[in-house]
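Please examine the sequence and the structure shown below.

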Amino acid sequence: MMVHVKRVVLAFLPLGLIWVLSGQDEVLERVDVVNREVVVRVFDGGEPVAGLMRKDFTLTENGKPVVITSCREVRRSLAPAEAMVTETKETDSTKEKGRLFLFLLWWNEKSRDWTKAWEYFLEHIFRPGDQVILASDNKTIQIDEPTEQQSELDLFFQYLGNDLKRKRLFKIRLMQKLDQCARDFHEDLALLEANRLRTPLSVIINRFKTQYRGILDEYRLQRLRAQPEMIQRLAEALRNVDMEKWALLFLQNERLPLLHKNSRLFKETFIKLESDQELGKFIEDCDHQIRMATDMAVHVRDLRSLFIGAGATFHLFLSDAGGEVLDSDYLRWFPVFSSWESAFRGIAADTGGDVQDTTKLKEALEKAASRPDIYHVLTYKPGTPDTGKPKLKVAVSRPGVKVV
């Protein structure tokens, strides 16, 4: 087939990763597709399987079996001393290349242990030739020489710090609104009990429900909405880079101050049985909606395919936000289990990465650095013309294993 090939320059721009094409030279070339490669990870009980040979795999393309022409095993880890590539005798060795590290910092509060983790990375993992992408939920920078780009790092973390202050103020206002909403409701019920308020109980309850749900809806729309476009750009950028790739996500678990059934509102106020049950059901529904529901679920499958296809190993570091104080007789902290976390857990598992839930980020990164990533690259001759993305299925002659 005849194709036009342009010389390409890759550039990273803030507020997302964008690939920029430059240069006007065009070369007309003829390209014949002889072989395709398939990256396969095999897990046994969650641990990567090593030592598989070509004869251990079977491969079908669009439902038809094809011949696997070669198989090579790749071993690597974050730590430079262990970052090596070993292959079967069927292929030639490759030279060591620079690596790309994508740091995703999704925080709600300032991380007290991040500095130690970053220092560990620079001292024990980073090496000349590596590239680092630092990204928050709305800003991205590229670092090639950390010691020479300290000013850029300082500006990035200053921006991140200011953004975290804004988020903290938003969270404080949320707590104040929810606390005042519950307090006003409690006072109205007390006045009603003392026959000092003539408003019907149903009207008081409905007014509270409208205010309470409205505050939570505002928070969900501003803080818990998925950003699949940004994540998709990052995954596609990784996919377009021909080098060893690692994605490290530092995600803080979100907590919300929500009304609970053991608060003063329920203990000190007499409410008719049917109204009490109605209110309890309303609180449970609000809790479920705010803690579980986001618009992320519809994008999970696509993101999983993108990150697996990018060939990046994805590590997830979960931690709790620190410094959050709650002074309320009506509210208590509840964790928010968004679809983000479950999606990233699945991506980490399918790409050979680790998931750690800890506030000790340095120790977590150190543990991840020693974790081996093992996968196999199969080469095969296409059985059908190159008409688009083929439907591939890989099987391994070993019972009980998971093939990705």
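E10 and E11 form a hairpin with four residues between the two strands. Here strands (E, at least two residues) and helices (H or I, at least four residues) are DSSP runs, numbered from the N terminus. This is a predicted model, in which local features need pLDDT of at least 70 and side-chain atom pairs count only at pLDDT 80 or more, whereas totals for chains, interfaces and linings use all residues. Residues are numbered from 1 along each chain as its sequence is written, and side-chain values use heavy atoms, with hydrogens and water left out.

**Strand E10 and its partners**

- E10 pairs with strand E11 (residues 140-143) in the antiparallel sense, over four bridges; two strands pair if DSSP finds at least two bridges between them.
- Within this pairing, Leu134 stands opposite Ile141 in E11.
- E10 is also joined to strand E9 (residues 99-106), by five bridges, and these two strands run parallel.
- Leu134 of E10 is the bridge partner of Phe103.
- E9, helix H1 (residues 114-125) and E10 together make a right-handed β-α-β unit. A crossover is right-handed if, with the strands pointing away from the viewer, the path from the first strand over the helix to the second runs clockwise.
- Strand E10 (residues 131-135) is largely enclosed by the rest of the structure, because four of its five residues are buried. Buried means under 20% relative accessible area, exposed means over 50%, and partly exposed lies in between (1.4 Å probe, protein chains only).

- What span should helix H2 have, at 1.5 Å a residue? The 44 residues of H2 (residues 150-193) should span 64 Å, and its end C-alpha atoms are 64 Å apart, which agrees. The expected span of a helix is 1.5 Å times one less than its number of residues.
- Two packed helices are described by the angle between their axes and the distance between the axes.
- H2 and helix H3 (residues 201-223) pack at an angle of about 175°, and their axes are 10 Å apart. That angle makes H2 roughly antiparallel to H3.
- Axes are lines fitted to C-alpha atoms, for helices over the stretch in contact, and angles run from 0 to 180 degrees between N-to-C directions. Angles under 35 degrees count as roughly parallel, over 145 as roughly antiparallel, 65 to 115 as roughly perpendicular and the rest as oblique.
- The contact of H2 with H3 has 16 nonpolar, two polar and seven charged residues. Ala, Val, Leu, Ile, Met, Phe, Trp, Tyr, Cys and Pro count as nonpolar, Asp, Glu, Lys and Arg as charged, and the others, Gly among them, as polar.
- Arg213 lies in helix H3 and is partly exposed, with a relative accessible area of 31%.
- Arg213 and Leu178 are 35 residues apart in sequence, and their C-alpha atoms are 9.7 Å apart in space.

**Two open sheets**

- E3 is joined to strand E16 (residues 373-380) by five bridges, and the two run antiparallel. Val40 has His376 as its bridge partner in E16.
- Arg76 is found in strand E8 and counts as buried, at 5% relative accessibility.
- Arg76 and Arg371 are 295 residues apart in sequence, yet 8.8 Å apart in space, C-alpha to C-alpha.
- Another open sheet of three strands has the order E5-E4-E18, again with antiparallel pairing. Its edge strands are E5 (47-48) and E18 (402-403), each pairing on one side only.
- Strand E4 (residues 42-44) pairs with E5 in the antiparallel sense over two bridges, and Asp44 stands opposite Glu47 in E5.

**Positive phi in two asparagines**

- Most residues other than glycine have a negative phi.
- Asn195 has a positive phi of about 60° although it is not a glycine. Asn195 is placed in the loop between H2 and H3 and is exposed, with a relative accessible area of 70%.
- Asn62 has a positive phi near 55°. Asn62 is placed in the loop between strand E6 (57-61) and strand E7 (64-66), and is partly exposed, with a relative accessible area of 41%.
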